[in-house]
Amino acid sequence: MKVTKEFLIPFSGLKQGKHQFEFDINKTFFDAFDFDEYNNVNVKVNMVLEKQSTMLELHFKHKGTVNVPCDLSNENFDLPIKGKMDIVVKFGEEFNDENDEILILPHGEYQVDISQYVYEMIVLSVPSKRVHPGIKDGTLDTGIIEKLNELAPKAKQEEEEKNNDTDPRWDELKKLLNG
């Protein structure tokens, strides 16, 4: 992934306290990560960087939509997503991002790249099963749903037919028992 300057946050010149940043994320952002599961992306990310004397706290919040295909009907729809994430940035001997909530930057570093965190936060907020809202409330009118209903097993009808059609030999045996 080629780091864009938009996601490199220079913190060395900032005063201690809270600083707010806003990002508009679209499909181009995910193309840079070679991620093509989304047809379109419209997400707004707000980040508050809280600079302290020995560390930084990054508070991310995002809200928006991703256009994805439905897992049941393959119909594209805008899926609303939202989420938040907090990262603590500390300073140490060498770069270390093995912990999900703590990032260690080398002493003397003057900027932090937040693109990977924005990417992960958005991807993890999209549910693994994506169902078109029209399927849930019954308003989606598509040929695929009609075909699925047509091909659905008709277990209740077949079971009722079996109960009505009994073998006449069993009827004769039942007469012996009741006799």
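Which residues form one aromatic cluster? The members are F7, F23, F29, F30, F33, F35, Y38 and Y119.

This is a predicted model, in which local features need pLDDT of at least 70 and side-chain atom pairs count only at pLDDT 80 or more, while totals for chains, interfaces and linings use all residues. Residues are numbered from 1 along each chain as its sequence is written, and side-chain values use heavy atoms, with hydrogens and water left out.

**Overall build**

The chain holds six helices and seven strands; helices (H or I, at least four residues) and strands (E, at least two) are DSSP runs, numbered from the N terminus. Of its 179 residues, 30% count as buried, where buried means under 20% relative accessible area, with a 1.4 Å probe and protein chains only.

**The sheet**

Five strands form an open sheet in the order β2-β3-β4-β5-β6, with mixed pairing. Two strands pair if DSSP finds at least two bridges between them. Strands β2 (17-26) and β6 (102-106) stand at the edges with a single partner strand each, so one side of each has no neighbour in the sheet. Strand β5 (residues 76-92) and β6 run parallel and are joined by five bridges; V88 stands opposite I102 in β6. Helix α2 (residues 115-125) packs on this sheet and touches β2, β3, β4, β5 and β6; its direction makes about 140° with that of β5. For this angle, axes are lines fitted to C-alpha atoms, for helices over the stretch in contact, and angles run from 0 to 180 degrees between N-to-C directions.

**The nonpolar core**

The largest nonpolar core has 37 residues, and those with the most contacts inside it include F30, V45 and F60. Such a core is a set of buried Ala, Val, Leu, Ile, Met, Phe, Trp, Tyr and Cys residues joined through side-chain atoms within 4.5 Å. Strand β5 gives the most to this core, with six residues.

**An aromatic pair**

The whole structure has 11 aromatic pairs. Rings of Phe, Tyr and Trp (its six-membered ring) pair if their centres lie within 6.5 Å; planes under 30 degrees apart count as stacked, over 60 as edge-to-face and the rest as tilted. F7 and F29 form a tilted pair, 5.1 Å centre to centre with 55° between the planes. Because F7 lies in the segment before β1 (8-10) and F29 in helix α1, the pair ties together parts that are 22 residues apart in sequence. Both residues are listed below.

| Residue | Relative accessible area |
|---|---|
| F7 | 4%, buried |
| F29 | 8%, buried |

Technical notes
Contact = heavy atoms within 4.5 Å. Buried < 20%, exposed > 50% of the residue type's maximum accessible area, 1.4 Å probe, protein only.
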